[in-house]
Amino acid sequence: MLAKRIQNLTPSATGELFAKVAQLKEQGVDVISFNVGEPDFQTPEEVIEECKKAMDAGKTKYAPVAGITELKEAICCKLKNENQVAYEKNQICISTGAKHAVYNAVMAVCDPGDEIILPIPCWVSYVEMIKLAGGVPVLVPTKEDYQLDLNAIEESITERTKGIILNTPNNPTGACYRRESLLQLGELAVQKDFYIISDEIYEKLIYDDNEHICVSSLSKEIYDRTILINGFSKAYAMTGWRIGYTAASTDIIEGITGFQGHVTSNSTTFVQWAAVRALQMGDDTVVAMRDEFKKRRDFMYQTFCELPDITCVKPGGAFYLMPDVSAYFGKEAGGMRIKDSADFCMYMLEEAKIAIVPGKAFFMPNAVRFAYTDSMERLQEGMRRFKEALLKIK
């Protein structure tokens with residue numbers, strides 16, 4: 001019999017949907033994927049070439065658990081220059097993706113029975129990571145515009161509160177948390193003595209006049225309570241490379257490194273050299289990708305605004321929209337009764353051959369998540385199908 005920790009896991013809704021869509025595509029079905037949370041752009045050629053050079057040079061052996069010195073130095077330089085926050089090499093741990101880094105952080109600070117606050121909607125894996133650590137996820141709704149509700153967060157704090165996980169810009173909403181809110185939260189963390197695990201993987205995908213605020217840059221006291229998570233998958237289109245990192249106080253990094261040493265050891269050595277190049281090559285490719293995402297966001301958002309029974313908050317970053325489709329709940333189409341967001345998404349997959357993720361996976365039951373990570377041509381076709389399918393719901 002499986003261990004209880006495994007039996008109690010909720011499978012990733014995004015992962016399951018990805019597998020189902022892949023199966024349909026293998027059968028020749030033309031499915032437009034609004035469900036995939038990864039850039040459709042190719043990894044920059046400079047990064048690929050650097051990886052090849054590393055392999056040709058024999059950099060294929062074990063590396064230190066926390067990562068090669070060159071990458072840790074490049075990360076420290078990046079954090080200082082871009083985020084105005086100073087870390088030393090011994091405050092950095094390289095991991096097999098930012099997801100791995102978040103899990104390491106949770107395992108390092110969360111004992112059984114400890115509570116970790118999660119502003120919702122939130123990414124599907126955070127809750128399960130906390131459960132695997134024996135912790136208790138405390139779900140706290142955000143405001144109507146998906147900004148942090150500091151009053152609700154403060155009311156949720158107990159003597160068992162060990163931390164809060166933030167993701168800004170946010171998956172699934174695209175919300176960019178404001179400086180004043182983050183400062184207030186940081187001061188609360190200092191006062192109540194809990195950690196902020198700050199997942200900043202989407203930091204370079206920011207639109208309009210929004211800004212990314214690195215939490216640990218807000219003050220020395222907040223810095224000491226912050227576990228900063230970042231990586232290369234979104235900004236550099238390196239999702240399959242699996243490379244991320246943690247920056248934190250030395251005691252936290254020592255704990256994370258010790259834990260990682262027994263689980264995965266070092267992340268892939270030659271990928272670390274490719275990541276060094278990503279940080280050194282400048283942001284030209286990042287800016288070009290961000291500008292294209294902004295065009296897509298504008299198209300998708302405008303389309304939702306023109307639909308009478310759908311409401312949508314305009315995202316400030318990342319590459320997701322979270323429209324409320326609850327006006328269609330309780331209605332029927334094609335002999336199918338749409339009871340909730342899961343039924344809505346299944347109907348769209350079967351009728352329109354478009355894949356979107358039910359909002360209940362992110363603790364937002366009235367909404368669905370669209371990712372604008374395909375070409376504009378495919379997005380336009382997908383939204384055409386979406387509107388046609390909506391007209392059949394009565």
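Helices (DSSP runs of H or I, at least four residues) and strands (DSSP runs of E, at least two residues) are numbered from the N terminus. This is a predicted model, in which local features need pLDDT of at least 70 and side-chain atom pairs count only at pLDDT 80 or more, while totals for chains, interfaces and linings use all residues. Residues are numbered from 1 along each chain as its sequence is written, and side-chain values use heavy atoms, with hydrogens and water left out.

On a 1 Å grid over the protein atoms alone, a cavity is a set of points where a 1.4 Å probe fits but cannot get out; a pocket is an open set with protein on both sides within 12 Å along at least five of seven lines; lining residues have an atom within 4 Å of a point. Points are joined across faces, edges and corners, and a volume is the space filled by probe spheres set on them. In residue classes, Ala, Val, Leu, Ile, Met, Phe, Trp, Tyr, Cys and Pro are nonpolar, Asp, Glu, Lys and Arg are charged, and the others, Gly among them, are polar.

**Largest pocket**
- The largest pocket holds about 640 Å³ of space.
- Its lining has 29 residues, of which Gly-37, Lys-99, Trp-123, Tyr-202 and Lys-234 are the closest to its centre.
- Helix 2 (13-26), helix 5 (98-109) and helix 6 (124-132) are the elements that give two or more residues to this lining.
- By class, the lining of the largest pocket has 11 nonpolar, 12 polar and six charged residues.

**Cavities**
- Two cavities of 30 Å³ or more are found in the whole structure.
- The largest cavity has a volume of about 70 Å³, and its lining includes Lys-78, Glu-203, Lys-204, Phe-232 and Tyr-245.
- Six nonpolar, two polar and three charged residues make up the lining of the largest cavity.
- The second largest cavity, of about 50 Å³, has among its lining residues Leu-118, Trp-123, Ile-165 and Asn-167.
- Strand 3 (115-120) and strand 5 (161-167) each give two or more residues to that lining, and strand 5 has the largest share, three residues.
- The lining of the second largest cavity has eight nonpolar, three polar and no charged residues.

**Helix 13**
- In helix 13 (residues 341-351), Ser-341, Asp-343, Phe-344, Cys-345, Tyr-347, Met-348 and Leu-349 are buried (under 20% relative accessible area, 1.4 Å probe, protein chains only).
- Asp-340 caps the N-terminal end of helix 13, with a side-chain oxygen 3.2 Å from the backbone nitrogen of Ala-342.
- Lys-353, which follows helix 13, has a positive phi, near 55°.

Terms used: Buried means under 20% relative accessible area, exposed over 50%, partly exposed in between (1.4 Å probe, protein chains only). A polar contact is a pair of N or O atoms within 3.5 Å; within protein, one must be able to donate a hydrogen and the other to accept it, and residues adjacent in sequence count only if both atoms are side-chain atoms.
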